[in-house]
Amino acid sequence: MSHIAGAARDQLEHELPTDYVKVPTWKDKMEQQKPHLDYSEVFDEDVGQDEGIWVWEIENFYPSILDSSMHGHFYDADCYLILRTRREESGSLKHSIFYWIGENSSLDKGMCAAVHAVNLRNHLGATCRTEREEMNDESDDFLELFGEEITYIEGARTASGFYTVEKAAHVTRFYRVSVAGNTIEMEPVPVSPDSLDPRYVFLLDAGDTIWIWSGRKARITVSNKARLFAVKMNKKDRKGRAEIESCAELRTPEGFWMALYGQPNKPEDPIVEHVDADFVPERRRLYQVQIGMGFLELPQIELKHSVLKQDMLDTKCAYILDCTSDIFLWVGRKANRLVKMAGQKMVVELHAMLERPNYTIISRETEGEESTIFRSKFQGWDDIIPFDFTRTADSVQRRGADLKIIMERDKIKTDLAPLFLPRQSAMSEEEANQMMEECNEDLELLEPFVLEGKKFVRLPQEELGTFYTMDCYVFLCRYEVIPEEDETDLDEEEIELSGEKNDAAGDDTDTIQIFKRKEPEEVQEDFKCVVYFWQGRDANNMGWLHFTFSLQKKFEGLFKDKLEVVRMYQQQENHKFLSHFHKKFVIRRGRRGLTMNLGGHWPELFLMRANGSAVCTRTIQIDCRANQLNSAFCFILRAPFKIVDENGLEGKVFVWYGSKSNPNHHDLCLQVANELINRNNEFPVEIVRESDEPEKFWECLGGKKKYDTNGDFLNFTRLFRCTNEKGYFVVSEKTVDFCQDDLDDDDIMILDNGDLVFLWMGYHASEVELKLAYKAAQVYVAHMKIKEPERPRKLVLSLKGRESRRFTKCFHAWGKHKIPAGDEV
């Protein structure tokens, strides 16, 4: 038929009348209107006229040709333009254009590389696309240009075309630290060894390093607050790039003296007490910059009890804070240009008007970006909280490890109360069913969505209850708010929310049907909508960003103040959300689209388990090995056969009941296998009881192996978190429904499985937390020995990444630890 149609078309073209005029298409019009630009100043005429490879580097907004010896060597702070020309069998030239972006390149280089890639295509008259290549993510076609071997070089070969703003040179400042009540005073002093006094603590701001120097007679509490002040200064003013060093008068390193006066040795003159005992810091004066009728005004603001407060600063004004040895110009965000200029002029004149120390400087402060020194002048602005920085390995060795003596001497505040509280009792089956019924009685509608690509589409109803660890889901739930008055018959009307196109369903619009009550005038029945955002354990945060910038805005426009958004992570869902699935909650590994299209050709093992309550029943995919079985649980094995067996079956779904498993889970496990695991009833479902397994069952698990036969640990498991993030050591207990992600990498965790008490240490836990957590764990073991003498516990240490099976079995579906951002190797 295609040959016949082609012949007919040729015949019609030959039979066209002589006066026929072809109507130009939109492509022809664009080609006619296309401006003819001259690229001869950018690219040579012989570029792309024969076979070969050309490489340009972006320098000062323009491409610069590279010698062939540099091909395949890329600087990570540069961008490159690559052209490959090949001659085809027909004799025509075929072009391939790439532009490569280094991960540390500046914005102008990346932009110019993309622009000049299009210019090169126009210069050659090519019809190919320009391909973007990013460092560490190059395509195979790009790697083939250089024999699949490219070299990364740190730094940049070319300069940026932007004007570079050089930072002002850092001025070393020296402060004498004193504490008045809950406030800390930072009094500037000359940068000299003569300023040191053995009764005080001093802070030396040397730019890259912040030194805390403590005199031999200084109070340790002042030193601790000075260090906390330095931590806050480093975090806010230096973006965490500075190093904080503490030293004492009797053991002062050479680095401190070098930063103080440029000599590595201690000065010959002794450090003596020279500050008056009744010394009072200079009085602070706050002025407001005002523009009068043709002149500037600088009225002084009255300070009650000489106390500065943050609410004295108006965002539409500018202020000058005069502390004699420090002068600050504060400018509000909404201050007009004339006020800003007047403040700059007045602060310079005020500085020169009075006699001041030669180390006095003028600091400009912008609202919202104030320095830590400026904030410290105001009461209640970033108050210093107490924190014990003295608990190090050296101090423990020097002062002993007896926690009772140390706490009595140093008055360290601790909270160990959760260790002595009884374990949360498990919820009975009747109570769990009643809770689920109560959580679902006000549910009117549940609309599920799943992220596909960059948009959320409606989740098919048959997939409701199935989740994937690499995907993100959104559930729009409408709840009825029942009024106190008697219920009346209410009509229902349907409103529609047009959303993104649903590719999976093939619809032009995605309609969300929400039922809105139509109340009589005398009775007003209200409702609320809750959007649950569920993020898988292996999913990145892009799904949350797509949701907040697309779907959430549509929901907010429709429901306004009746909308509530709840973000949840895998195995950290709340009870109300779990109740909507009626214990049929399956979590698969991988990504939904990839697994449904390409997966299913290998055995998959699922574990059904409830932690503390039947409401928290989940069926999660685990490693498909026989040693993962446990007699206390039910398992589902989806086993596709490599070859069709003698009965013509391509596979089976085995539902394995452990001999000590909960009988209430048997029927539920069978339902989950039929409805959520067995896709489209592709395999027959067979019930297998422990010790009565067929040979095919063990074959799909890689052979029969030894597995746990005791699940009593579920009745004793408890997880505690030990941290000092609040400024003091505190122990808190996680809920019974805890998971692997509850293990905090910055803290110490205590896990009790009924036989062993594990002290789990994260990578970033401090020595202070470790030592205090060790003593707390000893206290807990002693307490449980008195409370449960028939089950004595043994204390053992467990390191992150090296957990034993006795530790991991306490967590449902244990897997590899997630790598926090910044810890990648």
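Strand S1 (residues 52-59) runs antiparallel to strand S4 (residues 79-87), and six bridges join the two. In this pair, Trp54 stands opposite Leu83 of S4. The model is predicted.

**The five-stranded sheet**

- S1 and S4 belong to an open sheet of five strands. The strand order is S2-S1-S4-S5-S6, and the pairing is mixed.
- Strand S2 (62-65) and strand S6 (130-134) are the edge strands. Each has a single partner strand, so one side of each is left without a neighbour in the sheet.
- From one strand to the next, the twist averages 30°.
- Helix H3 (residues 107-124) packs on this sheet. H3 touches S1, S2, S4, strand S5 (93-101) and S6. The direction of H3 makes about 25° with that of S4.

**Helix H5**

- Helix H5 spans residues 220-237, 18 residues in total. From first C-alpha to last, H5 reaches 25 Å, close to the 26 Å expected at 1.5 Å a residue.
- The buried residues of H5 are Val222, Ser223, Asn224, Ala226, Leu228, Phe229, Ala230, Met233 and Asn234.
- An α-helix has 3.6 residues a turn, so residues three or four places apart point the same way.
- Lys239 follows H5 and has a positive phi, near 55°.

**Strand S30: burial**

- Strand S30 (residues 617-622) is mostly covered, with six of its six residues buried.
- Both faces of S30 are covered. Thr617, Thr619 and Gln621 are buried on one side. Arg618, Ile620 and Ile622 are buried on the other.

**Strand S30: partners**

- Strand S28 (residues 586-588) runs parallel to S30, and two bridges join them. Here Ile587 stands opposite Ile620 of S30.
- Strand S29 (residues 604-610) pairs with S30 in the antiparallel sense, over six bridges. Phe606 stands opposite Gln621 of S30.
- S29 and S30 form a hairpin, with six residues between the strands. Gly612 lies in the turn and has a positive phi of about 80°.

Conventions:
Residues numbered from 1 in each chain as written. Predicted model: local features only at pLDDT ≥ 70, side-chain atom pairs only at ≥ 80, totals over all residues. Heavy atoms only, no water. Helix = DSSP H or I, 4+ residues; strand = E, 2+ residues; numbered from the N terminus. Expected span 1.5 Å × (residues − 1). Buried < 20%, exposed > 50% of the residue type's maximum accessible area, 1.4 Å probe, protein only. Pairing = 2+ DSSP bridges. Axes fitted to C-alpha atoms, helices over the stretch in contact; angles between N-to-C directions. Contact = heavy atoms within 4.5 Å.
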